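This report concerns the salt bridges of one predicted protein model. The sequence and the structure are shown below.

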Amino acid sequence: MTTADLTGRTAIVTGGATLLGRGVVQVLADHGASVVIADIDEENGRRVAQEASSSGATVTFRRVDVTDDAALATLVAETVAENGGLDIVVNLAAVYIDDGFATTRADWLTALNVNVVSMVALVQAAHPHLKASRHASVVNFTSISSSVAQTGRWVYPAGKAAIAQLTRSMAMDLAPDGIRVNSVSPGWTWSAIMDDLSGGDRVKTDRVAAPFHLTGRVGDPSEVGNVVAFLASDAASVVTGADWAADGGYSAMGPEQATPAIPLLAEQDPS
Ligand SMILES: NC(=O)c1ccc[n+]([C@@H]2O[C@H](COP(=O)([O-])OP(=O)(O)OC[C@H]3O[C@@H](n4cnc5c(N)ncnc54)[C@H](O)[C@@H]3O)[C@@H](O)[C@H]2O)c1
């Protein structure tokens with residue numbers, strides 16, 4: 001038995017088709033869970049399911065738009081029919097729609113619908129089955145963006161801040177049903193957006209991230225997956241309503257960063 005033993009558990013991971021999602025799916029499967037990936041990206045979702053299954057785990061893909069309540073109901077019903085229950089929900093799917101100050105009402109509503117409201121809708125659909133599980137756990141993906149201002153970004157951070165609060169509300173009201181609810185806040189993580197923007201250059205990505213991550217690099221998807229697996233497991237049985245930083249120390253660092261600022265006071269003024 002591993003620390004985060006998930007043997008016999010069934011998990012739904014929304015957004016599991018992407019690079020970061022794949023890391024989470026793989027770690028959950030490696031710890032013994034059967035995983036259902038729910039994503040709109042059919043090509044990558046099927047590929048991730050196939051790759052993660054190659055080690056003998058049960059990982060399947062379902063094409064699901066998380067903003068579609070009927071599709072969520074079908075996802076939950078079919079997951080339970082095929083696996084005999086549902087123990088873990090990982091709300092990871094998100095969109096980065098954000099034009100800062102200029103964002104239209106339509107884009108605000110679209111982004112918040114995917115990033116926040118759909119987390120609630122899936123938990124509502126899964127609730128009877130989570131309640132019936134003796135190991136029920138929900139893990140919501142928020143971000144370091146939930147608690148700092150970032151230039152040109154209004155929508156994504158607001159949604160992520162809402163998720164941190166939503167997690168506390170869910171944890172409070174679902175505790176009597178034996179359902180633990182936590183969130184995970186990744187820092188910069190090697191993900192599809194980093195891969196795209198850097199042209200696949202991990203070394204450059206780590207160099208850019210180094211000044212504001214104590215670890216001096218971006219995180220790996222599997223490192224975030226390890227935190228999710230812990231929160232989903234009985235090893236975290238005393239943890240609910242909490243936000244877990246998986247951010248390489250980003251949130252521990254202040255504006256002075258990791259360089260001594262006080263000695264600057266003693267330096268000679270060049271003028
Ligand atoms: N990338 C990072 O460095 C980072 C940092 C902090 C937090 N996060 C969080 O981690 C999670 C994954 O981020 P990412 O960068 O890998 O994002 P991504 O855009 O690469 O992946 C998001 C996934 O969600 C899916 N998705 C989008 N809309 C959907 C819908 N309506 N229905 C179903 N699936 C849908 C996409 O197809 C995709 O597979 C997000 O919640 C994000 O906020 C990421």
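Arg62 and Glu82 form a salt bridge whose closest N and O atoms are 2.6 Å apart; the term denotes a side-chain nitrogen of Lys or Arg within 4 Å of a carboxyl oxygen of Asp or Glu. Because Arg62 belongs to strand 3 (residues 59-63) and Glu82 to helix 3 (residues 69-83), the pair ties together parts that are 20 residues apart in sequence. Helices (H or I, at least four residues) and strands (E, at least two) are DSSP runs, numbered from the N terminus. Arg62 is buried, at 19% relative accessibility; buried means under 20% relative accessible area, exposed over 50%, and partly exposed in between (1.4 Å probe, protein chains only).

The model is predicted, so local features require pLDDT of at least 70 and side-chain atom pairs pLDDT 80 or more, while totals for chains, interfaces and linings use all residues. Residues are numbered from 1 along each chain as its sequence is written, and side-chain values use heavy atoms, with hydrogens and water left out.

In total, the structure holds 10 salt bridges, including the following.

| Pair | N to O distance |
|---|---|
| Arg62 and Glu82 | 2.6 Å |
| Arg46 and Glu42 | 3.0 Å |
| Arg202 and Asp206 | 3.2 Å |

Arg46 and Glu42 are four residues apart in helix 2 (residues 42-53), so about one helical turn separates them. Arg46 is partly exposed at 46%, and Glu42 is partly exposed at 34%.

Arg202 and Asp206 are likewise four residues apart, in helix 7 (residues 202-209). Here Arg202 is partly exposed at 23%, whereas Asp206 is buried at 17%.

Finally, a network of salt bridges links Arg22, Arg47 and Glu51.
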